[in-house]
Amino acid sequence: MLLQTAVSATAAAHPLVGTLASYVWLVPLLPLLGFVINGVASLFPAYIAGPTDPSQDAEAGHMHPGDAGYGHPPVAPFYARLSTVVGPLVVALSFLLTLGILAAWLAASPAAPYIQTYGAWMPAGDMRIDWAFQVDQLAITMMLVITGIGTLIHIFSIGYMRGDPGYSRYFAYLNLFIFFMLVLVLGASYPVMFVGWEGVGLCSYLLISFWYSDEVNANAGKKAFIMNRVGDFGFLVAMFLMFANFGALDFAGVDAAVLSAGQGSAVITVICLFLFLGCAGKSAQMPLYLWLPDAMAGPTPVSALIHAATMVTAGVYLVARSSMLFALAPAASLLVALIGALTAFLAATVGLKQWDIKKVLAYSTISQLGYMFVAVGVGAYTAGVFHLVTHAFFKALLFLGAGSVIWALHAAYHHTHREDDAQDMRNMGALRHRMRWTWVLMWVATLAIAGIPFFSGFFSKDQVLESVAARALGSPIAEVSLLGLPGSGVLWFIYALSLASAFLTAVYMTRLMIYTFHGPSRVGAAEEPQVREAPWVMTLPLLVLGVLSAFGGWLNLPELFPMGRLHVLDAWLEPVVGAARDRLSGVDIHLSHNTELALVAAAVAAAVLGMLVAKVFVKPEVLVPKAQAARSRGFGGVLERAYSVDQGVDRVLIRPTVTFSRKLLWRGLDNGLIDGLLVNGSAVVARGFAWAGSRVQSGNVGSYAWIFVAGALVVLGVLTFR
């Protein structure tokens, strides 16, 4: 056995003992093993240049610009081929093991979570923190998303990263990312979760700045790392407050302790606000969202992994896992929903005028995360997790589809030795003729994210909007006030913002598809014949994600549909979040059939109207390539610059801080006081004493005699006249 499992007395009698669930430790251990193997492989050259025969240049599209041997078929030595197998395989095995754990859970139907303790971590006085994993319905759901989507992204990466000198290092980082995310969702306590929380922050830094020789990429990684530290401060303070007030940090202990505090407790409210500060950093919510658009500097599969299956969903998971805390702090929950709605709307407006295809999807992720926080903020925890799952399907598909487009354009531009931006939509157009699979599948994802019936996003987004309206019509959260405003009014404002965001989502996603795949070609006459569909190792994951994006909504159909009364995901997550949902939202909230139809109709109308508006106002035939495009002016320029928030932060916060640090702390305190007065000043004083001493110790006996006489006279004078 690689691990000695010390199962508690309670867990020893658990129905899952002796099943595949007993091997849950293997789920994160397998990606960690992949990290070690690929890490060793990264010490050796991943690729060497192929033959210099120009006739074989057609294979150049498999390499990244700037790589050694780019333009010639790369030759993969043993270690690169090892990474090709090990990288995806370990994640696929984790996914299969997770499926086995799911089957074991369904067969046993346990009434309580299964907790495995592997040893004491921090036993100190009254505090005892164990290394323990907790398996329950929420953890299994997240494990399936992480390992399932992660496997597809690893497979796609084989084709996308082929020829990169850091090929093995890339898979090592990717495996480590999966490991830490699994630790995050499996941890049975907040400190164990925090280990995974910090780990995914580290891996995001490593992957965003993967091509670190480019200063822009390195700065993007540092920006993500630093901004996430701000959120992590909130998480740490929340844990300190939990232990100080409840004497516990494990989920079960905290949930049991908070029930005695009562609803609306000031302590619980403060804890929830600090927890949400951590969520805002990790899940890119206002005001800590600025790092996510810059995270596009990394390889495109990394963007898919961060946005769809791992890091940015950690905040939503934290709120769902802490549902009992938030249920007892309705004011904090309402604030979570409000910030989510504001973030969703703000990011959606910025997405309207972005030209970089990955930047559009980045702001889309920020907006969709806002939807998830709206759901968990109003106590609709299942709706939030449901949208998390469907979003993983269609957002992974959109990013990987964008990766296929970028891959194809890179290859075409290299063939003609043209230096152009392969990510700018102004350099695309009419790609549906050359990349039919990618075109069809990205339209599936677009219809899903826009909320068109009956794609996956329609069902999950409708449940979010319906939940907000239901709470506004009558619930405990509608009875609280926020900054003097009645909760019901705030909830209706949240609903209006969310509906407007749905409309804008349909607009900017349809705009993306029209500019990329429709209208006239702006690729270039010489380059267009070289554009081709990506190889099957990249297209096959898109097909799987296309099926999930189309039919993933069947996981939780509404009651309007014949099978909706099964409430598959609702029933599945009920034991984890049901009690908290009822406390925050009320148990007697039932919308009438006509009201539910009206809400669905409003959501569908917003989606359809958004697509029609884009179809009417987006004119690809008048668009010119990026090199010929004029700078946007007016409100369009404001949106293109993302409201100049980055520039504002630079002027208001960063530059004054740098100036203060340079002039006062460095020149004034460090150079002036410490180095100048204390260090150099003490040296001057010491040199002065040394100089005086050197004058006295001249070696002249006559001088010594006169000094002796003078000293004797001084002593006699003192004794005589005292």
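## Core and salt bridges

Leaving aside residues up to four places away in sequence, Trp 291 touches Ile 208, Lys 223, Ala 224, Met 227, Asn 228, Gly 281, Lys 282, Ala 284, Met 311 and Val 312 (contact: heavy atoms within 4.5 Å). The model is predicted, so local features need pLDDT of at least 70 and side-chain atom pairs pLDDT 80 or more, while totals for chains, interfaces and linings use all residues. Numbering starts from 1 along each chain as its sequence is written, and side-chain values use heavy atoms, without hydrogens and water.

Trp 291 is also among the residues that touch the most other members of the largest nonpolar core, together with Ile 149, Met 242, Leu 325 and Ile 494; this core holds 229 residues. Helix α16 (residues 381-415) supplies its largest share, 22 residues. Such a core is a set of buried Ala, Val, Leu, Ile, Met, Phe, Trp, Tyr and Cys residues joined through side-chain atoms within 4.5 Å; buried means under 20% relative accessible area, exposed over 50%, and partly exposed in between (1.4 Å probe, protein chains only). Helices are DSSP runs (H or I, at least four residues), numbered from the N terminus.

The model contains 14 salt bridges, each a side-chain nitrogen of Lys or Arg within 4 Å of a carboxyl oxygen of Asp or Glu. Three of them are tabulated below.

| Asp 130 | Arg 128 | 3.2 Å |

Glu 527 lies in the loop between α19 (487-517) and α20 (536-551) and Arg 418 in the loop between α16 and α17 (436-450), so their pairing ties together parts 109 residues apart in sequence. Glu 527 is buried at 6% relative accessibility.

How values were computed:
Helices (H or I, at least four residues) and strands (E, at least two) are DSSP runs, numbered from the N terminus.
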